[in-house]
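Q: Could you go through this structure with me, a bit at a time? I have some quick questions about it.

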Amino acid sequence: MQKTVLLTGSQGFTGRYVRTALEADGFKVVGLVQSNPQGHDVQADLLDVGSLRTAVAAVQPNFVVHLAAIAFVAHSSPEAFYQVNLFGTLNLLEALHAEKAPVEKILLSSSANVYGNPPVSKVSESVVPAPINHYAMSKLAMEHMARTWADRLPIVFTRPFNYTGVGQEGNFLIPKIVKHFSERSSMIELGNIDVEREFNDVRMVAQAYSGLMQTAPVDEVFNLCSGVGYQLTEVLHLCEELTSHTLKVAVNPALVRANELKILVGDATRLNQQLPQLPCYQLKETLTWMLGL
């Protein structure tokens, strides 16, 4: 019998790829959406427990993948991070428990930003979190809150490192760079350029969510990462190579974050042991895809 996955954030950038990955693995996917439900999707508001209980009762999910969140670090409202990322997750867990949903696994999406500026170059899941912004703090608070449900609900935690792909919003770094090269702009304004990040492919991340949902032991934490970091100058050089176009980089002080993470690269050992067949995409492949080449 086909099993059902309740997917929050199904209409977002990541959610669309995760839906595709789950359906390719044979699952029925029901998106939890705020408005305009399509197909099997159900409508509910993460800030309204009543609507969540109604949705859960109707779907009776076997699995839950919870992606819905405010994910842009520079979002204008600190309070919104906690309302959605922390209390929205609390409401979802309360609804699942209250409706006695037959869930085998609940996958919660946290963030590698919880590690802050870590003291090691490749961050394993054992590194003590030290968040330095409200987005990261809301995600860590969500993790701690969710652990209070560990005796009643089968929860797995994921901490995705930076990733990108076709369809990501233009206020994120890589889509912004890709757009400027695609339009053959003469100049781009950036903030901190002396940083190193993973820039993984959303298609790998989607496969990881589906795989961990099926196989990961409960109450575990998994970095969603490749262990490969890139300096921002390397990203720019790859785009130059792919497009045969050069642009000037101007540092705009208004875009510089005082509490910017300098280096954030993960240790992928635990993820690779759990999912040894996870596809690997080089950044050049991802940029080629995003540039439409």
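Q: Is Phe-13 buried or exposed?
A: This is a predicted model, and in it Phe-13 has a relative accessibility of 13%, so Phe-13 counts as buried, the cut-off being under 20%.

Q: And how many aromatic pairs are there in the whole structure?
A: A search of the whole structure gives 6 aromatic pairs. In one of them, the ring centres of Phe-13 and Tyr-17 lie 5.8 Å apart with the planes at 75°, and this pair is therefore edge-to-face. Phe-13 and Tyr-17 are 4 residues apart in helix H1 (residues 13-24), which means that about one helical turn separates them.

Q: What about the rings of Tyr-17 and Trp-289, how are they placed?
A: Their centres are 6.0 Å apart and their planes are at 80°, so this pair is edge-to-face. The pair links distant parts of the chain, since Tyr-17 sits in helix H1 and Trp-289 in helix H9 (residues 283-291), 272 residues apart.

Q: Which residues do ring pairs link into a cluster?
A: The cluster consists of Phe-13, Tyr-17, Tyr-163 and Trp-289.

Q: Changing topic, at what angle do the axes of H5 and H7 cross?
A: The axes of helix H5 (residues 173-182) and helix H7 (residues 232-243) cross at roughly 30° and come within 10 Å, and the two helices are therefore roughly parallel to each other.

Q: Which residues make that contact?
A: From H5 the contact uses Leu-173, Ile-174, Ile-177 and Phe-181, while H7 brings in Leu-232, Val-235, Leu-236, Cys-239, Glu-240 and Thr-243. By class, the contact has 8 nonpolar, 1 polar and 1 charged residues.

Definitions and conventions: Residues are numbered from 1 along each chain as its sequence is written. This is a predicted model: local features need pLDDT of at least 70, side-chain atom pairs count only at pLDDT 80 or more; totals for chains, interfaces and linings use all residues. Side-chain values use heavy atoms; hydrogens and water are left out. Axes are lines fitted to C-alpha atoms, for helices over the stretch in contact, and angles run from 0 to 180 degrees between N-to-C directions. Angles under 35 degrees count as roughly parallel, over 145 as roughly antiparallel, 65 to 115 as roughly perpendicular and the rest as oblique. Contact means heavy atoms within 4.5 Å. Ala, Val, Leu, Ile, Met, Phe, Trp, Tyr, Cys and Pro count as nonpolar, Asp, Glu, Lys and Arg as charged, and the others, Gly among them, as polar. Rings of Phe, Tyr and Trp (its six-membered ring) pair if their centres lie within 6.5 Å; planes under 30 degrees apart count as stacked, over 60 as edge-to-face and the rest as tilted. Buried means under 20% relative accessible area, exposed over 50%, partly exposed in between (1.4 Å probe, protein chains only).
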